[in-house]
Amino acid sequence: MMTACGACSSDDQAGGNGEVIEADSLVVGDKLPEFEVTMNDGSVVRTADLLGQPSVVVLFSVDCPDCRNKLPEIQRLWNMNQADSLIPGQRIPIVLIARKCMEEDIKPFWQFAELTMPYSPQPDRRVYSLFAPRVIPRIYVSDAQGIIRHMYVDIGMPTAETIVENIKTINKK
C-alpha cells in the first residue's frame, strides 16, 4: 500500500511575494528566528514575547492529515497551560502558525475539531520558511533565551505530556 501526503511534506517552489523558500531547517541548539505574527484573536506575537520563559511554537496546515491528527493533542497542552498545570503560576507561550492557510481555511476545521487555541493564519510560507523549507507538522520547544531545546517533525510527534516534561526540564535549568 502506498500513501502520499503532499501538503505535509510539500516541496512546492513558490516565488515572489517576499517568501523565503531556501532556508535551512532549524535544529536543537539554534535560536528561534525573528518573526512577528498576528493571531486570529487580534493579538500580535513577536519572538521577543517568547523570551524569559520556555515557549512552544507549532507550525501546521489544515490541509495536512498529520497536522489535523496532532492539533487536538496541542489543544490538550493548551488546556493544561490555561489551567496553570504546566508550571504553577506561569503561562507558557504556545504559538500556532499556519503554513499558507488563511482564516477561511482554518476556521471550519477549528470548529469541527472543537479547538479553541489561537492561531496565526498566513497567506504564504514567509514565516514558516524562517523555520524550515518543508515538512509539517513541526513543534519547537525553546528555553527562556529562545534557544530550541526540543524539536519534533512529522513522524514521532510528542504527546502533551511529553511536551510538559520538556518544559519542566528546561525550566529547571
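Modeller: Happy to, and keep in mind that this is a predicted model. Let's begin with Ser 55, which counts as buried because its relative accessibility is 0%.

Colleague: In which strand is Ser 55 found?
Modeller: This buried serine, at 0% relative accessibility, belongs to a strand rather than a loop. The strand spans residues 55-60. Ser 55 is found in β3.

Colleague: With which side chain does the side chain of Ser 55 make a polar contact?
Modeller: Setting aside residues up to four places away in sequence, Ser 55 touches Leu 32, Leu 50, Ile 92, Pro 93, Tyr 140, Val 141 and Ser 142. One of these also pairs with Ser 55 through a side-chain to side-chain polar contact, at 2.7 Å. The partner is Ser 142.

Colleague: How far apart are the C-alpha atoms of Lys 100 and Phe 60?
Modeller: Lys 100, one of the contacts of Gln 122, lies in the loop between β4 (94-98) and α3 (103-113). Lys 100 is partly exposed, with a relative accessible area of 40%. Along the chain Lys 100 and Phe 60 are 40 residues apart, while their C-alpha atoms are separated by 9.1 Å.

Colleague: Which element gives the most to the lining of the largest cavity?
Modeller: Phe 60 is one of the lining residues, along with Val 58, Leu 59, Cys 67, Lys 70, Leu 71, Ile 74, Pro 137, Ile 139 and Met 157. Two elements give two or more residues to this lining, namely β3 (55-60) and α2 (65-82). The greatest share is four residues, and it comes from α2.

Colleague: How much space lies in the largest cavity?
Modeller: The search of the whole structure finds one cavity of 30 Å³ or more. Its lining divides into nine nonpolar residues, no polar ones and one charged. The space in this cavity is about 40 Å³.

Colleague: Is Ile 155 buried or exposed?
Modeller: Ile 155 is placed in the loop between β6 (148-153) and α5 (160-172). Arg 138 is 17 residues away in sequence and 9.6 Å away in space, C-alpha to C-alpha. With a relative accessible area of 73%, against a cut-off of over 50%, Ile 155 is exposed.

Colleague: How many helices and strands does the protein chain have?
Modeller: From the N terminus on, the order is α-β-β-β-α-β-α-α-β-β-α. Of the contacts with a separation of 6 or more, 67% are between residues 24 or more positions apart. The secondary structure comes to five helices and six strands.

Colleague: Over which residues should I be careful with the pLDDT?
Modeller: The chain averages a pLDDT of 87, and 86% of the residues score at least 70. Where pLDDT is low, the predicted coordinates should not be read in detail. Below 50 you have residues 10-22, a stretch with 20 contacts beyond near neighbours in sequence. The pLDDT also stays under 50, with six contacts beyond four places in sequence, over residues 1-7.

Key. Residues are numbered from 1 along each chain as its sequence is written. This is a predicted model: local features need pLDDT of at least 70, side-chain atom pairs count only at pLDDT 80 or more; totals for chains, interfaces and linings use all residues. Side-chain values use heavy atoms; hydrogens and water are left out. pLDDT is the predictor's confidence in each residue, from 0 to 100. Contact means heavy atoms within 4.5 Å. On a 1 Å grid over the protein atoms alone, a cavity is a set of points where a 1.4 Å probe fits but cannot get out, and a pocket is an open set with protein on both sides within 12 Å along at least five of seven lines; lining residues have an atom within 4 Å of a point. Grid points are joined across faces, edges and corners, and a volume is the space filled by probe spheres set on the points. Ala, Val, Leu, Ile, Met, Phe, Trp, Tyr, Cys and Pro count as nonpolar, Asp, Glu, Lys and Arg as charged, and the others, Gly among them, as polar. Buried means under 20% relative accessible area, exposed over 50%, partly exposed in between (1.4 Å probe, protein chains only). A polar contact is a pair of N or O atoms within 3.5 Å; within protein, one must be able to donate a hydrogen and the other to accept it, and residues adjacent in sequence count only if both atoms are side-chain atoms.
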